[in-house]
Amino acid sequence: MEFTASSKPQLSSRANAFSIAALMSSGGSKEKEAESTIKPLEQFVEKSSCAQPLGELTSLDAQGEFGGGGSSSPSSSSLCTEPLIPTTPIIPSEEMAKITCNLETKELWDKFHELGTEMIITKSGRRMFPTIRVSFSGVDPEAKYIVLMDIVPVDNKRYRYAYHRSSWLVAGKADPPLPARLYVHPDSPFTGEQLLKQMVSFEKVKLTNNELDQHGHIILNSMHKYQPRVHIIKKKDHTASLLNLKSEEFRTFIFPETVFTAVTAYQNQLITKLKIDSNPFAKGFRDSSRLTDIERKE
């Protein structure tokens, strides 16, 4: 397991923030619980890599809708493509260095990793299987934490599957990068006490290849390799509704066994079989020859 951490991420000069007002509210409504994703964070974060400034940062209202007026669909030229949390390793603070993160269902991930994990991406969004599930230790029971996840490219290459060799081969240079997004766990903020007692599951994360997606799904290129990352951020101000990535302390955890290739259809039949055998939602396909339909039940 590798990690990067930072107490002062290197971001643009403008304060980078997004609202977690809805998440900070004491009583979560059923409507909020039904929300599987958050609004795209490129709406709230200005990066130096953006072709055009995004203007004044807006915020989410109590229902998670865009505020501040204007269109909620930015032009493609204004979308950020760099990770919203830096990838450069920085020494964590002494307090954050005590935090550890463990990948649950590691044995299942290892089985997929040995074969070369593939994840289906669709226009409407598809949930991941296996699911990223983690547990934390070393947190301050009295503090509050935001838990997030993003998915970053492993390299700058595009791949193809060689059926005669049953392996992935480099097919050329990577396609242009897509808008960078973070997925904030909908139960955030957690107290440290909660994190010490429960597992954090990202089963609602969805992957898409729709560059114009407005549902907050994570956008990926097909036939490219990706690394999921889990971030934990300690909230310094328990009453603030805005999370400022420039001042908050955070730590990033990476699990190499969760690397996967994004595909629109499974390439390796062994991956298809393992998904059928392991995914409880694929029960109807275990005795069926329609192996290519497994992704419909994920």
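Predicted model: local features only at pLDDT ≥ 70, side-chain atom pairs only at ≥ 80, totals over all residues.
Two strands are said to pair if DSSP finds at least two bridges between them.

Strand E8 covers residues 157-162 and strand E9 covers residues 167-173; the two run antiparallel and are joined by six bridges. Within this pairing, Arg158 has Gly172 of E9 as its bridge partner. E8 and E9 form a hairpin with four residues between the strands, and in that hairpin Ser166 adopts a positive phi near 50°.

A further group of strands forms an open sheet. Its three strands follow the order E3-E6-E12, with antiparallel pairing. Strand E6, residues 133-137, pairs with E12 in the antiparallel sense over two bridges. Here Val134 stands opposite Val200 of E12. In general, strands of a sheet pair through backbone hydrogen bonds, in either a parallel or an antiparallel manner.

Helix H4 spans residues 106-115 and helix H6 spans residues 269-278; their axes come within 10 Å and cross at roughly 165°. Because angles over 145 degrees count as roughly antiparallel, H4 is described as roughly antiparallel to H6. The crossing of H4 past H6 is right-handed. On the H4 side, the contact is made by Leu108, Lys111, Phe112 and Leu115, while H6 contributes Leu270, Ile271, Leu274, Lys275 and Ser278. Classified by type, the residues in this contact of H4 with H6 are six nonpolar, one polar and two charged.

Key:
Residues numbered from 1 in each chain as written. Heavy atoms only, no water. Axes fitted to C-alpha atoms, helices over the stretch in contact; angles between N-to-C directions. Parallel < 35°, antiparallel > 145°, perpendicular 65-115°, else oblique. Left-handed = near helix turned anticlockwise from the far one by under 90°. Contact = heavy atoms within 4.5 Å. Nonpolar A, V, L, I, M, F, W, Y, C, P; charged D, E, K, R; others polar.
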